Amino acid sequence: MTIASGEAAEQNTLPADRWMNSYRQMVRIRLFEDQVNELYKRGIMPGLAHLYSGEEAIAVGVCEALNREDYITSTHRGHGHCLAKEPRPT
C-alpha cells in the first residue's frame with residue numbers, strides 16, 4: 001500500500017534515534033541467533049534450535065507498536081520476539 005498524501009507520510013516518520021534503536025535491536029537479535037547456532041552446532045546446547053535469523057525486522061517492527069504492558073506469545077521461533085519486547089526506556 002502506498003501513501004498518497006504528504007501529510008500521511010509525515011505521520012509515519014520516526015525520529016532518527018528510534019530508527020537506530022530498531023537497527024540495534026535487529027543486530028542484537030542476529031548476534032544472539034548466531035550464538036545459539038554456534039552452541040547448537042558444537043553440541044553444547046541440547047535440544048533443537050529453530051533459528052530466527054533473517055526475520056529480525058518482523059519482531060522489532062511488531063514490538064515497536066506495542067506498549068510496555070502488552071504481552072506477547074510465540075512458538076518455536078520466539079527468540080526474536082522475546083528479545084525485541086524487552087522493556088525499553090521510557
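**Labels and their cut-offs**

Modeller: Glu64 counts as buried because its relative accessibility is 18%, and buried means under 20% relative accessible area, exposed over 50% and partly exposed in between (1.4 Å probe, protein chains only). This is a predicted model, where local features need pLDDT of at least 70, side-chain atom pairs count only at pLDDT 80 or more, and totals for chains, interfaces and linings use all residues. Residues are numbered from 1 along each chain as its sequence is written, and side-chain values use heavy atoms, with hydrogens and water left out.

Biologist: What makes the contact of Glu64 and Arg18 a salt bridge?

Modeller: The N to O distance between their side chains is 2.2 Å, and the definition asks for a side-chain nitrogen of Lys or Arg within 4 Å of a carboxyl oxygen of Asp or Glu. The pair links distant parts of the chain, 46 residues apart, with Glu64 in helix H3 (residues 56-64) and Arg18 in helix H2. Helices are DSSP runs (H or I, at least four residues; strands are E, at least two), numbered from the N terminus.

Biologist: Why is Arg18 called partly exposed?

Modeller: Its relative accessible area is 35%, which falls in the range between buried and exposed.

Biologist: How many salt bridges does the structure hold?

Modeller: There are 2. Glu56 forms one with Arg30, with the closest N and O atoms 2.5 Å apart. Glu56 lies in helix H3 and Arg30 in helix H2, so this pair ties together parts that are 26 residues apart in sequence.

Biologist: Are Glu56 and Arg30 buried or partly exposed?

Modeller: Glu56 is buried, because its relative accessible area is 6%. Arg30 counts as partly exposed, because its relative accessibility is 35%.

Biologist: How do you know that the span of H2 agrees with its number of residues?

Modeller: The expected span is 1.5 Å times one less than the number of residues. The 26 residues of H2 should therefore span 38 Å, and the end C-alpha atoms are 37 Å apart, which agrees.

Biologist: Which residues of H2 are buried, and what do they pack against?

Modeller: Ser22, Gln25, Ile29, Glu33 and Val36 are the buried residues of H2. They pack against H3 and helix H4 (79-85), where contact means heavy atoms within 4.5 Å.

Biologist: Why is Met20 called partly exposed?

Modeller: Met20 has 41% relative accessibility, so it counts as partly exposed. Met20 lies in helix H2 (residues 16-41).
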